[in-house]
Structure formats: C-alpha cells, structure tokens
Amino acid sequence: MKKWIWILILVVVAGAFLLWRFRSGRGENVVVVYVSEDRVFSEPILRDFERETGIKVKAIYDTEEAKSTGVMNRLIAEKDNPQADVYWANEPIRAEVLKQKGITTPYISPNADGIPDGFKDPEGYWTGFSARARVLIVNTRVHDAPSSIMAFVDPQWKGKAVIANPLFGTTTVHIAALFVLWGDDSAKKFMQAMKENGVKISTSNGESADLVASGEFDFSLVDNDDAVNRMRQGQPVKMVFPDQGEDGIGCLLLPNAVMLIKGAPHPSNGKKLIDYLLSKETERKLAFADCAQIPLHPGVEMPAELKDISQIKTMEIDYPAVAKKLVEIQPFLKEWVGY
Amino acid sequence: MGKRLAFWLVVAVLSAAGLLPILYMLWRSVSVNGHLSLSYYSSLLSSERTWALLAHSITLATLTTIASTLIGVPLGILLAKTDLPLRKALAVTLTLPLLIPPYINALSWFYILGRDGVIASLMGNAVSNITSAWYFGLGGSVFVLTITFMPVVMLLTMAYLGTINPELEEVGRLFSKWPAVLARITVPMILPGISLAAMLVFLLSMGEFGVPTFLRYDVFPVESFTQFSAFYNFGAATAAAVPLAVITAILISLEWIFVRDRTYRLKTASDSGFLRIELKGWKRPILIITLIFAFTTVILPLTVLVARSMTLDAYRKALSIAHDSLLRSIVYAVVGATLLVGIGFLSGYFIHKREFRLWRALDLLTIFLFALPGTVIGVGLIGLWNRPSTDLIYTTPLIILMGYLAKYTALTSRITVSTLAQIPPSMEESARLAGVRWLNRIMQIVVPLSKPGILVAWIVGFIFCLRDLGITIMVYPPGYDTFTVRTFTLMANGSPQLIAALSVMMVAAVLLVMGAGWAAVHILRRR
C-alpha cells in the first residue's frame with residue numbers, strides 16, 4: 001500500500017512541476033507565434049529576434065511538406081479565446097482564409113513600406129515578405145530546356161515531366177491561380193492535356209526535384225528553394241523562371257505572409273515581431289538561407305542564384321479570388337489525381 | 001474509496017478528456033451553418049470514392065493484421081516460452097520499430113528498396129526496379145506497417161503467456177508433444193490477448209495515413225485529412241472520421257459476441273510456476289532464423305538510418321536543438337503512462353466485472369476514441385477547454401495529458417480486461433466475504449495478481465504517449481513541444497542526416513528509460 005502512495009505522490013509532484021515549468025505564459029514579456037514556414041528556416045530568425053529584443057518567443061510550428069494540419073486548424077479552433085499573437089504563414093492564401101473567418105486584425109507595419117502593393121492586403125490584414133518563386137527545375141542533360149509551364153502539355157515532353165500532388169501545398173495554389181487567370185474551362189483543358197501527356201504525380205515538390213535530379217524525369221514545377229537546394233548540393237539540375245516572354249503569363253511568386261491575431265494576448269510584442277519579420281535584414285537572411293527566398297524590398301543583398309524581383313516578370317494574382325477558387329476546385333482536383 | 005466512487009471517477013475523467021470533446025465535434029458534424037443537417041454524411045456516403053477508399057483501408061488493415069498476428073504470436077511464444085538464447089535482447093530489438101514514427105520506417109526502407117537504394121547498389125537496377133515497384137503500393141504499405149505494429153502482438157503474447165496456469169499444459173504434455181499442446185491449450189488460453197492485439201493492430205493500421213500516402217496507396221483517412229487541411233471544415237472532417245469509428249464499433253460487438261465469452265471459461269490461477277519449452281536440437285536453427293529475421297527487419301533499416309546520420313556533427317546538432325523537447329517527451333510519457341495505467345486499470349476492471357450497466361458504454365467509448373484521428377480529438381479538446389476560466393488546463397501540459405487519456409485509455413483498459421480474464425474471481429470473492437474493503441481487495445489481491453499485465457500496459461502506454469503526434473501537435477502549449485513533434489516539424493527541408501540522427505536519438509532515449517526502469521525493478525527486488 002505504501003508503495004502506491006509514493007507513486008501517487010511522485011505523479012502529483014511531477015504534474016505540479018509540469019504545470020509550473022511548461023505553462024504558456026500570459027502577462028510576461030513574451031510573444032506567441034504560430035508558424036507555417038518550415039521550422040529549419042523560421043526558427044533561426046525567431047531566435048535572432050529573441051536575442052535582439054529580449055522578448056521571449058513561444059512558437060508552434062507546422063509543416064506542410066509532411067502534411068500536417070496543425071497550426072491553421074488550431075488558430076481557427078482557438079478563435080473565441082486566442083492564444084497566438086502572430087501567425088507567420090508560408091503563403092498568402094491561408095492569410096486570406098483567416099481574414100475571411102475574422103481571426104486576424106489589421107496592422108500596417110512601418111517596415112511594410114517598399115514592399116510592392118501586390119504582395120500586401122490593402123486593408124493591412126496581412127503583409128507579404130520573402131517570396132518563393134514557382135520555377136521549372138530541369139535536368140542539365142536536357143539541352144533545349146523548357147521555358148514555359150505549357151511544356152507540360154507539349155507532346156515533345158510526353159512522359160518526361162512530373163508534378164507534385166495538386167491536392168497539397170503550393171502546387172494547389174498554383175493550379176488555383178491558373179484557374180483564376182484563365183477561367184475554369186481553359187484551366188480544366190490544360191489539366192486534362194497534362195494527364196494525356198503522361199505527366200506523373202509525386203507526393204511533394206521536394207520529391208519532384210529529386211526525381212528530376214536523379215534523371216527519372218526531365219523537368220518539374222517546384223518552389224525555387226527545391227531547385228536552389230539541389231543546385232547547391234552540386235546535383236545536375238538548373239532552374240528556369242517560366243513564362244518570362246512578352247506574351248508570357250509570368251512566374252508565380254508566393255510570399256510569406258505575417259498577420260496579427262484579433263484579441264492577441266500580447267499585441268504590442270506581436271507588432272514588434274511583425275516589424276522584425278518585415279525588415280530588410282530578415283529578407284536578407286531568408287535569401288541566403290537554404291530556402292533561398294526572393295526579397296520583396298528593393299536593394300536587399302542576395303545570393304547569385306536568385307533574381308532581383310524587379311527582373312522577374314510576375315504573374316498577376318488576385319489572392320481573395322484564388323483563396324475562393326482553391327476550395328471550389330478541390331472536387332475536380334481529387335478526380336484529376338484519381339482519388 | 002468505494003467502488004461506486006471509483007467508477008464515477010473513471011467516467012468523469014473520460015468524459016472530460018474524451019466524451020465531451022467528441023460530442024462537441026459530432027455536434028459540429030451535424031450542424032451546417034447553424035442548422036441541423038446530415039449533409040456532410042450524405043455527401044460523404046454518396047460518393048463512390050468514399051467506398052473505394054474504405055475498401056482500400058480495410059484491405060490494408062486486414063492484411064497487416066493477419067501478417068502481424070502470424071509473425072507476432074510465434075515470436076511471442078518463442079521469446080517468452082522457450083529456452084531460446086538471447087530472448088531478452090531479441091524482444092527488445094524486435095520492439096524497436098514501434099518506437100520510430102512509421103513514416104521514418106517507410107523512409108529507411110525506401111533507402112533500401114528504392115530505385116537508388118541499397119538493393120540497387122548491391123544487385124543492380126534490374127532488381128531494384130522490381131523491389132521499388134513492389135514497395136510503392138499495397139505490398140510496401142503492408143510490409144512497413146507489419147514491421148511497425150507486429151511488436152504489439154509479440155509483446156501482448158509474451159505478457160499473457162506469463163500468466164497462464166502451467167498445470168493444464170503439464171497434463172497436456174503427458175499425452176502429446178509441445179506443438180499440439182501449444183495449439184490446443186496454450187494459444188486458446190491466451191486468445192483474449194491475441195484478439196486484443198489483432199484488434200489494436202487493425203485499428204492502428206486503418207488510422208495510419210503517413211505511410212500509405214508516402215507509398216502511393218490511397219486510404220480513407222485522407223478524407224478527413226483534406227477536410228482539415230484544405231477546407232478547415234471541422235464538421236465535415238469529423239463526419240469523414242466517423243466511418244472509421246463505426247467499423248471499430250462493429251469489431252467490438254463481434255468481439256463481445258465471440259471471443260470473450262469463449263475464453264470466459266478458461267480462467268486459471270497464475271500463482272504456480274511456469275512451463276518452459278525445451279527446443280533441444282531445434283535451438284540452433286530457430287535461433288538462426290530469428291536472428292536473420294531481426295537483422296533484416298530491424299537492424300538493417302536502423303543501420304541504414306544510422307549510416308545516413310553518421311556525422312558527429314549531425315548528432316551534436318540534433319542534441320542541441322532537441323534535448324529540451326526530448327526531456328519533456330519523456331516526462332510527459334512517464335506521467336501519461338502512469339495516469340493511463342491508473343484510469344485504464346479501473347476502467348478495465350469495471351468492463352471485466354460487468355457490474356455497472358454502463359460497462360459497454362465505457363468499453364465502446366474508449367475504443368471509439370482510439371480509432372478517431374488525433375486531429376478530431378485535438379480540435380474537440382480546444383473547443384471544450386480553451387476558455388479563460390479553464391486556462392489552467394488549456395495553457396499547460398495538462399491538456400496534452402488529457403489528450404493521451406482520451407486517445408490511449410483503450411490500450412491500458414483492454415490490456416487490463418484481458419489480464420483479469422485470467423485471474424479467478426474466487427480470490428477477490430473470498431476476500432469480499434471475509435469483509436475486506438473494495439480498495440484493499442484491489443490493492444492487495446487484484447493488482448498483485450495482474451502485475452505482468454500492468455507492467456505491459458505501462459510500457460505500451462509509455463510508447464504510445466511518446467510517439468503521439470496527432471493530438472500533441474494540436475494542443476501543446478506554445479514553446480513546449482515534444483520530441484516527436486519537433487522531429488516531425490524539422491522533417492520539412494531538414495537535412496536527412498539530422499532527421500536520421502533525431503530518430504536514432506529517440507530510439508536511444510527509449511532504451512535508456514526502459515533500461516533504467518528494468519534496473520530499478522531488479523534492484524528493488526534484490527532488496
């Protein structure tokens with residue numbers, strides 16, 4: 001009997017310790033941030049913020065690549081009693097969804113100056129920074145590299161292209177953007193033609209990039225970090241910004257987006273973190289990190305593999321319309337994938 | 001504490017942690033824009049795709065269960081009942097895959113069977129093309145899930161073998177050889193344990209999403225997943241999870257009807273000795289076969305994993321970025337497993353005794369929760385507990401512990417039920433007649449007799465808390481993640497060396513904890 005009492009005491013003490021030690025602090029000098037940008041890239045930035053400001057960062061990370069649904073659903077579920085101050089999204093569509101659900105509140109940071117208007121919400125519900133470009137990754141043994149996403153439907157490349165599952169991640173956004181740009185009929189024809197041209201489906205952009213690097217396919221459509229990563233590892237691939245010609249639709253740029261949560265427990269620290277993320281220095285760090293993201297502020301130093309935003313012809317994108325379209329085309333996409 | 005009070009304590013804990021959050025979610029699944037509607041269900045059930053995916057999931061779960069049982073039961077018998085050398089080491093080794101996230105297991109096998117894998121470099125591309133084609137699909141999914149979940153069957157078989165009465169076997173041995181005794185006496189006696197293990201493997205593999213997705217085999221949980229990830233529609237996501245729970249309910253009913261009543265008559269005492277099978281001339285060949293099996297299914301993929309993390313730098317980095325979360329994981333899992341054993345033992349006791357009318361509801365609820373995706377329970381917990389008045393629960397690790405209780409009580413409860421099925425009720429009954437109070441009867445008679453079962457329940461609870469991802473990622477207090485969550489979130493674009501190093505660290509940490517526990521038990525016994 002005595003033994004059980006000891007075990008019980010031990011459990012109670014351990015429980016009390018847990019409560020005291022690992023409580024998500026309210027009222028202290030902290031900022032709570034939920035993050036959908038890959039942790040390997042976002043965590044160092046948040047650590048720097050902590051060091052430079054003395055504000056403790058408490059973060060929850062998510063991972064799109066590994067198919068988690070954590071952070072967005074958590075933000076939505078916590079709406080009535082918000083725990084987060086800031087959400088750092090890896091693309092602006094999620095920001096639009098949160099705006100429509102009334103979960104975010106406007107904040108126009110002084111550091112948002114200089115970021116082109118196309119990458120911010122006009123009312124200040126979210127602000128974009130450090131963008132990923134959707135690029136073609138091409139194996140270097142291919143001489144006449146494709147320069148447009150139309151290569152996916154060109155018989156010349158039949159059976160030689162691969163694309164990530166359009167039900168997940170940035171590929172979904174890309175397809176939805178094409179639906180908005182071209183209209184449903186043309187976009188559906190394009191998707192159908194892709195299928196007929198033998199385009200294979202991979203589980204993620206990273207896997208697509210590996211399949212091209214290993215020579216199983218000639219090219220794919222991925223995020224620029226997937227391409228830059230393989231290039232830095234010395235793999236036989238190159239990166240092509242698609243559709244840059246005069247009539248071209250341009251390259252799709254997906255910035256990170258940062259926003260303040262409505263009813264945030266530490267709003268002033270939240271604003272400080274947003275200012276920090278929107279600074280040129282953060283954009284410089286994200287450009288040199290392995291995510292190789294393209295700065296949106298003019299005049300930010302960047303590695304040689306990247307192009308300045310002013311030199312890229314970018315695709316016109318209406319984020320609210322894309323957010324809506326994304327939901328609309330899910331049944332079509334499921335069918336297309338063959339689920 | 002009286003029996004009635006204990007019963008209501010269990011009901012209260014499970015309601016707070018599981019029932020109410022799930023009712024909240026079920027309510028959302030039938031209320032569309034504020035109106036009562038079954039539209040989520042009708043659109044789900046009217047789609048052909050739903051049925052095709054369900055058929056996939058059931059096929060995958062059935063094949064995995066059959067394979068795990070066919071391998072796990074003989075292994076359990078070999079390791080618990082024979083004089084095979086290296087039994088303990090083999091048992092620990094063969095359990096390792098259960099400790100590693102299934103996705104990582106799939107990845108390490110990809111390094112072996114994939115087109116550019118170990119097979120390719122050893123036997124050329126012609127062979128690796130065949131292995132790769134086989135690996136990506138149903139075959140590979142069954143293979144990885146069997147290796148991952150087989151230890152559940154093996155461990156439970158071992159545990160129940162330790163509690164059977166040797167007298168029956170002795171009598172059997174007078175007339176027949178061991179194979180016949182095993183088939184007609186030993187295995188039927190541990191049937192509750194085996195059927196429990198099979199059911200757990202079935203549920204685990206049916207709910208698994210990461211491995212089949214990686215291996216391109218479309219399964220039903222993807223439905224609920226896309227409702228969460230693409231639409232953020234909690235109602236539809238819950239509706240899409242319900243078919244899994246319904247299948248579970250059917251399974252339990254079948255078990256209620258068939259297995260448990262059959263074994264009810266086989267209760268025996270467990271206090272006298274243990275009959276060990278002498279393998280004699282078979283010892284060497286069986287040992288060799290078992291070693292080869294352990295080597296190919298566990299050591300080889302682990303070696304590949306370690307080889308990929310071979311730089312000291314990867315380990316230094318892994319340790320520096322994850323040591324705090326590793327410590328938290330272990331603390332949470334130790335506290336979680338202890339709570340699970342406490343609540344699960346009581347719940348199992350009441351289910352076994354069938355004295356309170358609600359026993360069926362208790363059994364059904366725990367298994368139902370076990371079958372639901374972690375995200376559904378997680379969102380339910382947030383909906384229920386994220387309020388200013390209950391901050392003490394939601395903003396602290398208490399919420400994680402509640403999640404563990406919701407999701408995993410089925411494990412410890414069911415292990416207890418199967419354990420108690422082998423203890424004669426006469427002992428507790430005579431103590432009752434002698435006027436011993438209920439709590440004392442439990443503590444002094446039932447608990448000591450169920451020790452092996454309790455120990456297994458604790459280990460299984462510990463492992464499942466430690467590897468939990470679905471619930472933890474939904475509810476952990478910001479800044480205080482667990483090791484599994486951290487490994488998972490680092491997996492996106494993290495270096496393969498780092499991920500491999502983290503997985504190896506996880507295995508090492510679990511072995512250390514288990515080793516420490518084992519040493520502590522031994523030291524205590526010597527005293």
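The model is a predicted one. Over all chains, the structure holds 32 salt bridges, and a few of them are followed here residue by residue. Side chains of opposite charge can pair when their charged atoms come close.

**Build of chain A**

- Chain A contains 12 helices and 10 strands, and because its radius of gyration of 22 Å is close to the 20 Å that the globule rule gives for 339 residues, chain A is as compact as a globular protein of that length.
- Along its principal axes, the C-alpha trace of chain A spans about 75 × 55 × 40 Å.
- Of the 339 residues in chain A, 60% are buried.

**A positive surface patch**

- Residues from both chains contribute to a positive surface patch, which is formed by A:Lys79, A:Lys101, A:Lys262 and B:Arg28.
- One of these residues, A:Lys101, lies in the loop between α4 (92-100) and β4 (104-105) of chain A.

**A salt bridge in chain A**

- In chain A, the side chains of A:Arg74 and A:Glu78 meet in a salt bridge, with a distance of 3.3 Å from N to O.
- Both partners of this pair, A:Arg74 and A:Glu78, are buried.

- The side chains of B:Asp83 and B:Lys283 meet in a salt bridge at 3.6 Å, N to O; since B:Asp83 lies in the loop between α3 (48-81) and α4 (87-99) of chain B, while B:Lys283 lies in helix α16 (residues 283-308), the pair ties together parts that are 200 residues apart in sequence.
- B:Lys283 is partly exposed, with a relative accessible area of 29%.
- B:Lys353 forms a salt bridge with B:Glu428, and the closest N and O atoms of this pair are 3.2 Å apart; B:Lys353 belongs to helix α17 (residues 312-353) of chain B and B:Glu428 to helix α22 (residues 425-433), so the pair ties together parts that are 75 residues apart in sequence.
- The two partners fall into separate classes of accessibility, as B:Lys353 is partly exposed at 24% relative accessibility, whereas B:Glu428 is buried with a relative accessible area of 9%.

**A network with residues of both chains**

- A network of salt bridges links A:Arg39, A:Glu43 and A:Arg47 of chain A with B:Asp324, B:Arg328, B:Asp481 and B:Arg486 of chain B.

Conventions: Residues are numbered from 1 along each chain as its sequence is written. Chains are lettered from A and ligands numbered from 1 in the order in which they are written. This is a predicted model: local features need pLDDT of at least 70, side-chain atom pairs count only at pLDDT 80 or more; totals for chains, interfaces and linings use all residues. Side-chain values use heavy atoms; hydrogens and water are left out. Patches are made of residues with over 30% relative accessible area and no salt bridge: like charges are joined within 9 Å, nonpolar side chains (Val, Leu, Ile, Met, Phe, Trp, Tyr) within 5 Å. Accessible areas come from the Shrake-Rupley method with a 1.4 Å probe; for residues, only the protein chains shown count as cover. A salt bridge is a side-chain nitrogen of Lys or Arg within 4 Å of a carboxyl oxygen of Asp or Glu. Lys and Arg count as positive and Asp and Glu as negative; His and the chain ends are not counted. The place of a charge is taken as NZ of Lys, CZ of Arg, CG of Asp or CD of Glu. Helices (H or I, at least four residues) and strands (E, at least two) are DSSP runs, numbered from the N terminus. The radius of gyration is taken over C-alpha atoms; the globule rule is 2.2 Å times the number of residues to the power 0.38. Buried means under 20% relative accessible area, exposed over 50%, partly exposed in between (1.4 Å probe, protein chains only).
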